[in-house]
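Subject: Structure handover, with notes

Dear colleague,

I am passing on the structure below, together with some notes that you can read alongside it. Please keep it open while you go through them.

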Amino acid sequence: MEFRTHMHIALQEARAAGVRGEVPVGAVIAGPEGVIGKAGNRTRELNDPTAHAEILAIRAACAALGQERLTGYDLYVTLEPCPMCAAAISNARIARLYYGAADAKSGGVAHGPRIYSHAQCHHLPEVYDGIAAQAAETLLKEFFAARR
């Protein structure tokens, strides 16, 4: 099977989030049938601290499939997931996590609490980092530089 990334769609979602004044993070969930969920951050718009791109994409994909688990599906996200999102990815039983930029400050996968290293984490997705990392980092740096 040939690897096909959907990170370009996650980057589009991140750019759209930035235009809305949200931190530019985008996420996509895909499976054999293609993309089934995608979103960008909407925490400010929805006044919801849980409205991270990953959570919204998981909700959209579960609604599209009519089920609470995404066994066998892949998640592409432009930034290393925070601890909340890392736990949600595990609970959704996502098979593979592909992320772009590392997040030394707020990450929960390779940094911080490293959610998937705990015995209480019952499902461990395969994790691949650095996918389009430079593009994701540039979006974030430009977003925050414009606000300083």
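Predicted model: local features only at pLDDT ≥ 70, side-chain atom pairs only at ≥ 80, totals over all residues.

Residues are numbered from 1 along each chain as its sequence is written, and side-chain values use heavy atoms, with hydrogens and water left out.

A search of the whole structure gives 3 aromatic pairs, where rings of Phe, Tyr and Trp (its six-membered ring) pair if their centres lie within 6.5 Å, and where planes under 30 degrees apart count as stacked, over 60 as edge-to-face and the rest as tilted. One of them joins Tyr98 and Tyr128, which are stacked because their ring centres are 5.0 Å apart and their planes stand at 15°. Tyr98 belongs to strand E4 (residues 96-101) and Tyr128 to strand E5 (residues 126-128), so this pair ties together parts that are 30 residues apart in sequence; helices (H or I, at least four residues) and strands (E, at least two) are DSSP runs, numbered from the N terminus. Phe143 and Phe144 form an edge-to-face pair, with 5.1 Å from centre to centre and 85° between the planes.

Phe143 is buried, at 7% relative accessible area, whereas Phe144 is partly exposed, at 34%; buried means under 20%, exposed over 50%, and partly exposed in between (1.4 Å probe, protein chains only).

Phe143 is also one of the buried residues of helix H5, which are Ala133, Ala136, Leu139, Leu140 and Phe143. Seen down the axis of H5, these buried residues fall within an arc of 135°, so they line one face of the helix, the arc being that of the directions from the helix axis to the C-beta atoms. The face turned away from that buried side carries the exposed residues Gln134, Lys141, Glu142 and Ala146.
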